[in-house]
Amino acid sequence: MATDESTPLLENSQAKTETPLPKTQLGLTLELGVTGGDDRKIGYYAGVIESLFFATQALTVLCWSRLSDHVGRKPVVLVGLAGLSVSNLCFGLSREFWALVASRCIAGALNGNVSVMKSIIGDITDTTNMARAFALIPIVFSVGASIGPLFGGGLAKPHDRWPQLFSGSFWVQYPYFLSSAVSASFTALSFFIIALFLKESLPSKRRGKELQLERGSIGGQVDTPGDEDTSPIPIRTLCKTYSVMLPIANYGLLGLVDNGFFALVPLFYATPVEVGGLGLTPFAIGVIMMAFSVGNGFFQVSFTARAIERFGERRVFCSAVLAFFPIIATFPTMSWIVEVQKEVGLAIWVLISVQLLLWAVVDMAYAVIFVFVTRASPNKHSLGTMNGLSQTTTSIARAMGPATFTSMFAFSKESNLLGGNLVYVVLLILSCLLVSLSRRLPELSRDKR
């Protein structure tokens, strides 16, 4: 199938009533997402390990995604879950920095699940219910972000919390093994559930009879014009197609800016007041982030799908990324207020609430850009490659984000560059680029969605 810059997004020439979501397979797919001295120098070390996961993922995710277009989605998902389980155990048994680095690299190198998960959703949905399905992904990530801190921090150093049960020297030498083992066990359980119940979704690997039944259930219509072409489009061809690379570029820049905030928020909250932060305790930060994760999940459930249905994908995305600007403004504003008041008072808590609410608005952009990336695929047999390209792009951005922005934060404060606000100026410039790029996305008409 030939493609060029004029290749349209996936579309159906006929308007269709909304197809019911395949709840069991969608639920199993979404389960994969659950499975996330000198005080001025804190930022130099805060983002390194997190960046390594995305760096190794960027090197391998396209290979895993491309492989899923040939051998099927399910085998690749199972390899990723097995790798994540092993990585978690290695992390808990690490006593030196290089071992922590190795464990995160294992997870990144073997894990193409985020990309393949989106390909599965693209396989099992059509243009009438795709947006509603992708709107569930941020919700699942929020659930994972809520549960993770509970056993991640709550089960750390069990010899201090429950000395009667964990009194051996092993728990003193490996204080984070228990929380890592729980995480590994959850991933292993997910492995067996997926192996038993998730159906293969790649069209070329599904039984002909099953495909006929599914197509018959939606009136015998084929979802996309290119579905009869069962060969994945070459990567070089996809990379030369403007309609393919535009949503991928938006996704990568969104990931860079958003991950910069994700790294800066807890760092800014923890940095001492005299250095330009809020000086909050780790417990307070944990409660704030957990509350945000829960609230963000409810926000996405309540508003994302409805907003897309009412206003359209392009308008929702363009509006959501605008929320980055007031988020940027809250950082120096809070620094100035706490410097004047000499304490974290009511005004600071109000600004924290506003900041996190705006962050939830930004998260609406992810569901939308997933739709754009999926709809940009010339056929469903190239979905793995499409999502692999997009995940590679955002993984590179996320590999750069934590270490770059946390180091820039520390350097800004240490050298007092622009009053310690250099990192916010950089984020402002990147946000402007994202807003400009978002305006180039096409308008998806109602009968195409």
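Q: Which residues make the nonpolar surface patch of about 260 Å²?
A: Val79, Val86, Ile106 and Leu110 make this patch. Patches take residues with over 30% relative accessible area and no salt bridge, joining like charges within 9 Å and nonpolar side chains (Val, Leu, Ile, Met, Phe, Trp, Tyr) within 5 Å. Helix H4 (73–92) and helix H5 (97–110) are the elements that give two or more residues to the patch. One note before we go on: this is a predicted model, where local features need pLDDT of at least 70, side-chain atom pairs count only at pLDDT 80 or more, and totals for chains, interfaces and linings use all residues. Residues are numbered from 1 along each chain as its sequence is written, and side-chain values use heavy atoms, leaving out hydrogens and water.

Q: Is serine 180 buried or exposed?
A: Buried means under 20% relative accessible area, exposed over 50%, and partly exposed in between (1.4 Å probe, protein chains only). Serine 180 has a relative accessible area of 8%, so this residue is buried. Serine 180 lies in helix H11 (residues 177–197).

Q: What is serine 180 in contact with, leaving aside its neighbours within four places in sequence?
A: Contact means heavy atoms within 4.5 Å. For serine 180, the partners are Asn88, Phe91 and Gly92.

Q: Which side chain does threonine 385 join through a polar contact?
A: A polar contact is a pair of N or O atoms within 3.5 Å; within protein, one must be able to donate a hydrogen and the other to accept it, and residues adjacent in sequence count only if both atoms are side-chain atoms. Here the partner is aspartate 69, at 2.7 Å. Threonine 385 is in helix H19 (residues 383–415).

Terms used
Areas by Shrake-Rupley, 256 points an atom, 1.4 Å probe, with all protein chains shown as cover. Salt bridge = Lys/Arg side-chain N within 4 Å of Asp/Glu carboxyl O. Helix = DSSP H or I, 4+ residues; strand = E, 2+ residues; numbered from the N terminus.
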